[in-house]
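Trainee: Please take me through one part slowly, the surroundings of the ligand. After that, I would like to hear about charged pairs elsewhere in the chain.

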Amino acid sequence: MTTGPDLVEGDRVELTVGAPAHGGHCVARLGGEHGRVVFVRHALPGERVTAEITEVHKGFLRADAVTIHEASPDRVEPPCPYARPGACGGCDLQHASGEAQRQWKKAVVEEQLRRLAGLSWDVRVEELPNEAGRTGPDSSGLLGWRSRVRYAVDAADRAGLLKHRSHEVVAIDRCRIAHPAIQALDVLKLEWPGTDAVAAVATTGGDVAVLSRPASGGGVLPPDDPADGTALGNNGQVRVSGPEEVTEVAAGRRWQLPPDGFWQVHPAAAQTLAAAVVELLQPAEGEVTWDLYGGAGLFAGAVAERTHGRTTVVESSRAGVVSARRNLADLPSAEVVEARVEAALSRRRVTGPVDLVVLDPPRAGAGAKVVRSVAEAGPRAVAYVSCDPASLARDIATFQGLGWKLTTLRAFDCFPMTQHIECVALLEPAPESAVEPTSEPAS
Ligand SMILES: C[S@@+](CC[C@H](N)C(=O)[O-])C[C@H]1O[C@@H](n2cnc3c(N)ncnc32)[C@H](O)[C@@H]1O
């Protein structure tokens, strides 16, 4: 066992593990309170573990807990044999009970809000219904939810999942968090010559599709992300089986999109998030809405059903724009603008006045420029849907600097067994004393 400053990959250290941090690990320190920071995976807060160093960086180390000397009462046996150090990197939290996973995510969101937005907020992480995941031998709702899975193909042409922070492909028999219809496919039994990735999609409309990406497809694949709603990251793919267009059902409507078009990954997420957006915004008849980063039009459709008013979707991907135009064709006052949000707002392709804005950016967040443009347009409320609490907190800080206030925050466990979390925040302009927080700022 080594503790000194010359640690290298593969060395083992004994540690007491501290609080969870953003990124799927807990924080520990080597050599006391002010010692070197170690981000430890496969551990839980309070545990005494032996951890193997996996990466050495200037200011911190990464490690995997390989022996647990004092286990947390929240520790459980991971249901998947590949969810362990050195194996599949798809899940971060299989060793924690469902309740402990939600407590972990609550701590991460609260920490990001405190650190990046200066907010002390009491977050509650809500479970999603998961009928698909409750019908098999497991009834926890923690498995069987992943409706988009991207497998990587190894040098022997076999599909598998990637190791954590690596391009190494781990052979698996099946992915336990995948939708049962995806687990039933023979993708993992076949050989995939000339292919670098295979994606499987199972929708709420009952469609199942398989796509592959030729090895010559160009560009490096983005990291495998259980929370990514585009199975192959919108790279040039080939349809192997299933329909050209798949159907999803949510918010009282049917949605058509290509199998690789963006859609929320958990089968209950689109419905849950659309309901949350409507509940927070309280759309009124005739109100004007922008749905920025609108995808196939989910939130625009849900809000426009209430407002019957002018609704503008801004979306940059061609596939998303085509889907949104068709999906919203029955709403005469809906318009879909094909553009990057930054450009659409700065070049005034989309202009106010506007009453309601939905912001649902990718992981990097909307950014200060977009937030400023939105605030300047003067909506009465913004619903910010986010898959990254850090970028959400940064954008909330920008809103606060412009005199806006976070008034409600709902957090949903849309990605069980993984570190990922989805939040829906309600932001409103705060003319002195007019806006009172409606829920859960910590006292
Ligand atoms: C998190 S998804 C949300 C989609 C949709 N709101 C939903 O829930 O189904 C983000 C969407 O933003 C699109 N996008 C990414 N960057 C963009 C940008 N700079 N401007 C406009 N759209 C963008 C992506 O193509 C994707 O459809």
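Mentor: Let's start with Asp360, where a polar side-chain atom lies 2.8 Å from a nitrogen atom of the ligand. That is a polar contact, a pair of N or O atoms within 3.5 Å. This is a predicted model, where local features need pLDDT of at least 70 and side-chain atom pairs count only at pLDDT 80 or more, while totals for chains, interfaces and linings use all residues. Residues are numbered from 1 along each chain as its sequence is written, and side-chain values use heavy atoms, leaving out hydrogens and water.

An N or O atom in the backbone of Val341 lies 2.9 Å from a ligand nitrogen, and a backbone N or O atom of Ser316 lies 3.2 Å from a nitrogen of the ligand. Of the ligand's own 590 Å² of accessible area, the protein covers 89% (Shrake-Rupley method, 1.4 Å probe).

Now widen the view to the 16 residues that surround the ligand, with Gln264 and Glu315 among the closest; to count, a residue needs a heavy atom within 4 Å. This shell has 7 nonpolar, 5 polar and 4 charged residues. Here Asp, Glu, Lys and Arg count as charged, Ala, Val, Leu, Ile, Met, Phe, Trp, Tyr, Cys and Pro as nonpolar, and the others, Gly among them, as polar.

On to your charged pairs. Side chains of opposite charge can pair when their charged atoms come close. Counting a side-chain nitrogen of Lys or Arg within 4 Å of a carboxyl oxygen of Asp or Glu as a salt bridge, there are 25 of them. One joins Lys105 to Asp413, with their closest N and O atoms 2.6 Å apart. This pair ties together distant parts of the chain, 308 residues apart: Lys105 is in helix H1 and Asp413 in strand E20 (DSSP runs of at least four residues for helices and at least two for strands, numbered from the N terminus). Lys105 is buried at 1% relative accessibility, and Asp413 is buried at 2%. Buried means under 20% relative accessible area, exposed over 50%, and partly exposed in between, with a 1.4 Å probe and protein chains only.

Compare Arg165 and Glu55, another salt bridge, at 2.7 Å between the closest N and O atoms. Here Arg165 is partly exposed at 48%, whereas Glu55 is buried at 16%.

Methods:
Polar contact = N/O pair within 3.5 Å; in protein donor to acceptor, adjacent residues only side chain to side chain.
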